[in-house]
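Good morning, colleagues. Please look at the sequence and the model on the screen while I describe them.

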Amino acid sequence: MKEVKAFVRPGKVDKIVPALKEAGFKNISLTPGEGTGNQMDSPDAAPSLSFYITDSHIVKLELVCKDELAEKAIHIISEFGSTNRPGDGIIYVSNVERVCRVKDCERI
């Protein structure tokens, strides 16, 4: 299995998540955050009130899928998350060793 983790612009989440769900990715986690990166000169960049070193609001999107579906998820995130400007985000893909339920440790 693969974990797909993406840092994307908050304004793109309402396009990315429905597209992922429509493609069959039902379990998606979203976490708001702040970061630094190529978005510094963007009109969307703004100084943080919480951290003096950050300049960009981001959303971390995470999902776990079968190996053969990872490319599909990457393509959807890229297609619906892109503005074709610096700072659109980044996608990481990692191997997942084990997946199990919290209630009984049964492997999924």
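A residue is called buried when its relative accessible area is under 20%, exposed when it is over 50%, and partly exposed in between, using a 1.4 Å probe and protein chains only. By that rule, buried residues make up 29% of the 108 residues in the chain.

Two remarks on the source are in order. This is a predicted model, in which local features need pLDDT of at least 70 and side-chain atom pairs count only at pLDDT 80 or more, while totals for chains, interfaces and linings use all residues. Residues are numbered from 1 along each chain as its sequence is written, and side-chain values use heavy atoms, with hydrogens and water left out.

I begin with the fold. Helices (H or I, at least four residues) and strands (E, at least two) are DSSP runs, numbered from the N terminus. The chain holds 2 helices and 4 strands, arranged along the sequence as β-α-β-β-α-β. Contact means heavy atoms within 4.5 Å. Of the contacts between residues at least 6 apart in sequence, 72% join residues at least 24 apart.

Next, the interior. In soluble globular proteins, nonpolar side chains tend to be buried together. A nonpolar core is here a set of buried Ala, Val, Leu, Ile, Met, Phe, Trp, Tyr and Cys residues joined through side-chain atoms within 4.5 Å. The largest such core has 18 residues, and those with the most contacts inside it include V4, L61 and I77. At least two residues of this core come from each of β1, α1, β3 (56–65) and α2. Beyond its neighbours within four places in sequence, V4 is in contact with residues including L63, I74, I77 and V93.

Which charged pairs does the model contain? A salt bridge is a side-chain nitrogen of Lys or Arg within 4 Å of a carboxyl oxygen of Asp or Glu. The whole structure has 3 salt bridges. In one of them, D88 pairs with R9, with the closest N and O atoms 2.7 Å apart. D88 sits in the loop between α2 (70–81) and β4 (89–95), and R9 in the loop between β1 (2–8) and α1 (13–22), so this pair ties together parts that are 79 residues apart in sequence. Both D88 and R9 are buried. Another salt bridge joins R101 and E106, whose closest N and O atoms are 3.3 Å apart. R101 is partly exposed at 35% relative accessibility, and E106 is partly exposed at 43%. E62 and K60 also meet through their side chains, at 4.0 Å from N to O; K60 is partly exposed at 24% relative accessibility.

Now the backbone. Most residues other than glycine have a negative phi. N84, although not a glycine, has a positive phi of about 65°. N84 lies in the loop between α2 and β4 and is exposed, at 74% relative accessibility. C105, also not a glycine, has a positive phi of about 60°, and its place is in the segment after β4.

Finally, the open space. On a 1 Å grid over the protein atoms alone, a pocket is an open set of points where a 1.4 Å probe fits, with protein on both sides within 12 Å along at least five of seven lines; lining residues have an atom within 4 Å of a point. The largest pocket is lined by 13 residues, and M1, N27, V64, C65 and K66 lie nearest its centre.
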